[in-house]
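User: I am new to this structure. Please take a close look at one part of it, the salt bridges, and then connect that part to the rest of the chain.

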Amino acid sequence: MRRFGILLPASVLALLLAATPALACGGLIGPNGAVNLLRTTTLAGYHDGVEHYVTAFQFAGGGGAFGSITPLPDVPTSVVKGGDWTLQRLINETNPPIFRAAALDAVGAAASAEELMTVKIDALDLTVLRGGAAEIGVWAKSHGFRLPPDSPEVLDFYANRSPIFLAAAFDADAAAARGQQLGDGTPVHITIPTDNPWVPLRILALGKTGGEQIQADVYLLTDDAPALLPKPLGVNGIRLDHSAAATDSLLTDLRSDRGMEWIPSSGWLTKIAVDAAAGDLTYDLAIDVTGAGAPSRVDAGFELPGVKAVVDTFDARRFVLAIGFALMGIAGIWLVGRSRPGATLR
């Protein structure tokens, strides 16, 4: 299936443990377990049927190798180094709060995932994988990472809709050897032809306990105002912080950065703030940019592909039929009583 799109600080990599790069919408994998990430911002832009992910891994000190696995809507055509200041410009545009990310570990069993593309960018080794939850787990284990206990369920949640994942391995020692300082980031730009936008959010809770808070900033850049599912109501863990036509100055600035020539002459900028307990983050963000106002329930993770929902039709039709039959019954009783000689109905 093809999905996803737009601008977000989530979906595309996450990395580290005692030494760390930061990212969004990705599950963190470490050699031994619990990993803490710095808050990061990611851009997912969607224009002319192509999605562009731009995110950065920030070096936070320490040593060793760490990695992340992020679900993707389809096979990317390219993975290259991103622009130098695109993400900073977005932050300045909306003045967002500071961000934190997720965590991850590892599992295994079965055949290993198929490697579709491998790219090295500075201290990052990026691999595009195709496979189910078991295959992704085997690949992670064979590369020295262990996934947390909830990884089979979470990876299945994504593999049932799109078996494409991006694995990122970050070598903190190599980053230090390259002279990267604390807070330095390595931007990555992923180009993915796809039909409709979709932002993976549930992956952020991978390896987290139910009460742990997940925070992320998701930027969407679309041609027009998008329809979202679920709606960012605030009480459901996602909040609408910005929704307006993108300013000419923002678009001009973004377009002038490396690899950002695809930025259109006009667009709509949306910012979604994720602030939810890990146990409540059981969905993704589906986006409809067609103007039909009907984001996919499958992309949001509310339904499986090929499985028809019966809840909506049941609630509407059965309720109306029940009311109709009840009214008919009352009318029938009234008519029968009225037809009896001497009967009085009040």
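Analyst: Start with one pair. The side chains of Lys 208 and Glu 212 form a salt bridge, with N and O 3.5 Å apart. This is a predicted model.

How do the two partners sit? Lys 208 has a relative accessibility of 16%, so it counts as buried, the cut-off being under 20%. Glu 212 has 29% relative accessibility and therefore counts as partly exposed.

The pair is not alone. The count of salt bridges comes to 9.

Take Asp 284 and Arg 161 next. Their side chains meet in a salt bridge at 2.6 Å, N to O. This pair links distant parts of the chain, 123 residues apart. Asp 284 sits in the loop between strand E14 (268-277) and strand E15 (285-288). Arg 161 sits in the loop between helix H3 (151-159) and strand E8 (164-171). Both Asp 284 and Arg 161 are buried.

Now a third pair. Arg 239 forms a salt bridge with Asp 241, and their closest N and O atoms are 2.7 Å apart. Arg 239 is at 35% relative accessibility, so it counts as partly exposed. Asp 241 is partly exposed too, with a relative accessible area of 34%. Salt bridges that share partners join Arg 239, Asp 241 and Lys 271 into one network.

From charged pairs, turn to a helix. Helix H5 covers residues 248-255. Its residues Leu 250, Leu 251 and Leu 254 are buried. Seen down the axis of H5, the buried residues fall within an arc of 95°, so they line one face of the helix. An α-helix has 3.6 residues a turn, so residues three or four places apart point the same way.

What covers that face? The cover over the buried residues of H5 includes helix H1 (86-94), strand E11 (213-222) and E14.

Step back to the whole chain. Its secondary structure comes to 6 helices and 15 strands. The protein chain has 346 residues, and 51% of them are buried. Among contacts with a separation of 6 or more, 82% are between residues 24 or more positions apart.

Methods. Residues are numbered from 1 along each chain as its sequence is written. This is a predicted model: local features need pLDDT of at least 70, side-chain atom pairs count only at pLDDT 80 or more; totals for chains, interfaces and linings use all residues. Side-chain values use heavy atoms; hydrogens and water are left out. Helices (H or I, at least four residues) and strands (E, at least two) are DSSP runs, numbered from the N terminus. Buried means under 20% relative accessible area, exposed over 50%, partly exposed in between (1.4 Å probe, protein chains only). Contact means heavy atoms within 4.5 Å. A salt bridge is a side-chain nitrogen of Lys or Arg within 4 Å of a carboxyl oxygen of Asp or Glu. The arc is that of the directions from the helix axis to the C-beta atoms.
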